[in-house]
Amino acid sequence: MKKCLIGSLLAFSCFTSQATIVEMQTSHGVIEINLFDQQTPNTVANFLSYIEDDAYNQTVIHRSVSDFVIQGGGFTFTDELVPITTQPAVVNEPVLSNVKGTIAMAKLANDENSATSQWFFNMVDNSAALDTQNGGFTVFGQITAQSQATLDNIAGLVHCGDIPLVDITSEQCSSSDVALSSANFVTINSVVVLDDDPLSSASLNPTTNTLISQEDSSSEAGSSSSSGGSMGAGFCLIALLGIGKRLKRAKY
């Protein structure tokens, strides 16, 4: 097993093969993720390319919706949320199901091949909604059982809108006199590759997305159902393009 701190002199050797297990060191605990290299190779390669570039270091969790998802990978925070530099979008690979404990790629509404840097953790079984919506959301990894506690800690924070914040009260969320700092956000401090063996997840048993094939069959049969729209008000996830606007003061 090789341990490589992204950004170190060992980075090149670590990425000569596909990494399978990565660890997010966050301000609220550790999240260890088994990546599904074999099932979603393009998405895993895309995710690793951001890690290799240190792009996720010092980013923040910018969205947390109760009994739904926790989302990050898109922004840093100084006195405002600043989008990170993104690479070309990756082709959708909706072969696995959005069950609890999986990580999937976020994307724009009505564009199934628009995922770039943002990802989300499924906090519950979202398969019924996300396995077919917008072409299906690509699941590319699964957290360890121990990592669920970290996600639960984040979900338990005070939320201003959908943003989980530290040392902020619910009352302060609506106050124009409260200024936010980076210390108020859940921060991803760094990402570490724990195991670069692409077969190290072979013992896992990911849930196959069977709903997307049913959706495709229905479409071919002339069904009026569609997987291209947004999830409805507030779910246009998933990339949240407007969130990079000024958030110097907590006005929601």
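## Exercises on a predicted model

At 35% relative accessibility, Glu-52 counts as partly exposed. The model is predicted.

**Exercise 1.** Classify Glu-52 and Ser-190 as buried, partly exposed or exposed, and place each in its element.

*Solution.* 
- Step 1. Recall the cut-offs: buried is under 20% relative accessible area, exposed is over 50%, and partly exposed lies in between.
- Step 2. Glu-52 has 35% relative accessibility, so this residue is partly exposed. Its place is in helix α2.
- Step 3. Ser-190 has 18% relative accessibility and therefore counts as buried. Ser-190 belongs to strand β14.
- Step 4. Look at what surrounds Ser-190. Leaving out residues up to four places away in sequence, Ser-190 touches Glu-23, Met-24, Gln-25 and Asn-57.
- Step 5. Now go back to Glu-52.

**Exercise 2.** Describe the chain as a whole: its elements, its burial and the sequence range of its contacts.

*Solution.* 
- Step 1. Count the elements: six helices and 14 strands.
- Step 2. Take the burial: 51% of the 252 residues count as buried.
- Step 3. Consider contacts between residues at least 6 apart in sequence. Of these, 74% join residues at least 24 apart.

**Exercise 3.** Find the largest nonpolar core and say which elements build it.

*Solution.* 
- Step 1. Start from the general expectation: in soluble globular proteins, nonpolar side chains tend to be buried together.
- Step 2. The largest nonpolar core holds 32 residues. Val-22, Met-24, Ile-33, Phe-47, Trp-119 and Phe-121 have the most contacts inside it.
- Step 3. Elements giving two or more residues to this core include β2 (21–26), β3 (29–35), α2 (41–52) and β14 (187–195).
- Step 4. α2 gives the most, with five residues.
- Step 5. Check one member. Beyond its neighbours within four places in sequence, Val-22 is in contact with residues including Ile-31, Ile-33, Phe-47, Ile-51, Val-191 and Val-193.

**Exercise 4.** Work out the geometry of the Trp-119 and Phe-121 pair.

*Solution.* 
- Step 1. The ring centres are 5.4 Å apart, and the planes make 65 degrees.
- Step 2. Planes over 60 degrees apart count as edge-to-face, so that is the class of this pair.
- Step 3. Trp-119 and Phe-121 are both buried.
- Step 4. Widen the view. Trp-119 and Phe-121 belong to one aromatic cluster with Phe-47, Tyr-50, Tyr-56 and Phe-140. The aromatic pairs number seven.
- Step 5. Another ring, Phe-137, has Lys-107 over its face, at 4.7 Å from the ring centre.

**Exercise 5.** Which strands pair with β9, and which way do its side chains point?

*Solution.* 
- Step 1. β9 and β11 run antiparallel, joined by three bridges. Thr-102 has Gln-142 as its bridge partner in β11.
- Step 2. β9 also pairs with β10 in the antiparallel sense, over three bridges. Met-105 has Trp-119 as its bridge partner in β10.
- Step 3. Apply it to β9. Thr-102 and Ala-104 point one way, Ile-103 and Met-105 the other.
- Step 4. Check burial on both sides: all four of these residues are buried.

Technical notes
Residues numbered from 1 in each chain as written. Predicted model: local features only at pLDDT ≥ 70, side-chain atom pairs only at ≥ 80, totals over all residues. Heavy atoms only, no water. Helix = DSSP H or I, 4+ residues; strand = E, 2+ residues; numbered from the N terminus. Buried < 20%, exposed > 50% of the residue type's maximum accessible area, 1.4 Å probe, protein only. Contact = heavy atoms within 4.5 Å. Core = buried A, V, L, I, M, F, W, Y, C linked by side-chain atoms within 4.5 Å. Phe/Tyr/Trp six-rings, centres within 6.5 Å; stacked < 30°, edge-to-face > 60°. Lys NZ or Arg CZ within 6 Å of the ring centre and 35° of its normal. Pairing = 2+ DSSP bridges.
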